[in-house]
Amino acid sequence: MSWRRELEALVRPPSGVPAVFVALARGIPTARVVHAGGAFFDYVVSRGGGVPRPHAAAAGALPFADASVRWLVLSFLGDASEGDRRDLLLAEVVRIVAPAAHMIVVDHNRPRRRAAALAALLRSPRPARVQPLAAWRRLAYPTAREVHAAGFTVDRLRLAAAERIQVIFAHREPSNSGAR
C-alpha cells in the first residue's frame with residue numbers, strides 16, 4: 001500500500017460529507033473541495049494528467065466563508081521551513097472552520113519535545129476533558145501543539161507511512177466559535 005492510500009484511508013470523511021482539502025506547498029496554500037470517493041493527496045504529488053487544478057490562495061485568504069467548513073484536511077507535507085506561512089494558514093483555518101467541525105492535519109513526523117508538551121498542557125486553551133498522560137503524549141508533537149494553540153482540541157495522533165508522517169485528529173469545540 002502506498003503512503004497516499006494509507007493516509008487517504010485515515011483522513012476519509014464520513015460518507016456524504018464533502019471535505020475541504022488544503023495543502024501548503026512551496027509557501028502557497030492550495031484548496032479544493034473533495035467529495036465522496038475523491039482522492040486527497042494525488043495532486044500534491046503530481047500536477048498533470050486529468051487531476052483537477054486546485055485553487056491557489058494567499059496564506060491569509062482562503063476562498064471560504066466564515067465558519068463554513070465542517071470537515072477539513074490540512075496538509076503540511078511541503079517545505080519544513082514555512083513556519084510563518086503555517087501560522088498564517090492556521091489563523092485562516094480558525095476563521096473558516098465551523099463550531100464542532102472536525103479537522104485532520106497531516107505533517108512530516110518531527111521530533112518530540114516533552115517540555116514544550118507539558119507547557120502546552122498548562123497554557124490555555126486546555127483540552128475539554130483533560131486526560132493528562134494522553135493529552136501530554138499527543139502534545140509532545142510540534143504540529144499537535146500548533147493545532148492546540150489555534151484553539152482546537154486534539155483528539156488523537158497517529159503515525160503513518162512507517163512513522164514518517166503524523167496524522168492529527170482534532171475538533172473545534174462549539175464554545176470556541178469566535179475568532180481568536
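In β7, Val167 is the bridge partner of Val106. Strands here are DSSP runs of E of at least two residues, helices are runs of H or I of at least four residues, and both are numbered from the N terminus. This is a predicted model, in which local features need pLDDT of at least 70 and side-chain atom pairs count only at pLDDT 80 or more, while totals for chains, interfaces and linings use all residues. Residues are numbered from 1 along each chain as its sequence is written, and side-chain values use heavy atoms, with hydrogens and water left out.

Stay with Val106. Ser75 stands opposite Val106 in β5. β4 and β5 run parallel and are joined by 6 bridges. β5 and β7 are antiparallel, with 7 bridges. Two strands count as paired if DSSP finds at least two bridges between them.

Next comes the nonpolar packing. In soluble globular proteins, nonpolar side chains tend to be buried together. A nonpolar core here is a set of buried Ala, Val, Leu, Ile, Met, Phe, Trp, Tyr and Cys residues joined through side-chain atoms within 4.5 Å. Buried means under 20% relative accessible area, exposed means over 50%, and partly exposed lies in between (1.4 Å probe, protein chains only). The largest such core has 29 residues. Val22, Leu62, Leu72, Leu74, Val93, Met103 and Phe152 have the most contacts inside it. β1 (19-25), β4 (69-75), α3 (83-96), β5 (97-108), α6 (142-149) and β7 (165-171) each give two or more residues to this core. Another core, of 19 residues, lies apart from it; Ala19, Ala23, Val34 and Ile104 are among its members.

Val22 shows the packing at one residue. Leaving out residues up to four places away in sequence, Val22 touches Pro29, Thr30, Ala31, Leu62, Leu72, Val73, Leu74, Ser75 and Leu89. Contact means heavy atoms within 4.5 Å.

α6 is mostly covered, with 6 of its 8 residues buried. These are Pro142, Thr143, Ala144, Arg145, Val147 and His148. Gly151 follows α6 and has a positive phi, near 105°.

Now the charges. Side chains of opposite charge can pair when their charged atoms come close. A salt bridge is a side-chain nitrogen of Lys or Arg within 4 Å of a carboxyl oxygen of Asp or Glu. The count comes to 5 salt bridges. One of them joins Arg86 to Glu146, with the closest N and O atoms 2.8 Å apart. Arg86 lies in α3 and Glu146 in α6, so the pair ties together parts that are 60 residues apart in sequence. Arg86 is buried at 5% relative accessibility, whereas Glu146 is partly exposed at 22%.

Asp66, Glu92 and Arg95 form a network of salt bridges. Asp66 meets Arg95 with the closest N and O atoms 2.4 Å apart. Asp66 sits in the loop between β3 (55-56) and β4, and Arg95 in α3, so this pair links parts 29 residues apart in sequence. Arg95 also bridges to Glu92, at 2.5 Å between the closest N and O atoms. Both lie in α3, 3 residues apart, about one turn of the helix. Asp66 is exposed at 55%, Arg95 partly exposed at 26%, and Glu92 buried at 8%.

The nearest side chain of opposite charge, Asp66, is 9.2 Å away. Arg172 itself lies in the segment after β7.

Note on methods. Lys, Arg positive; Asp, Glu negative; His and termini not counted.
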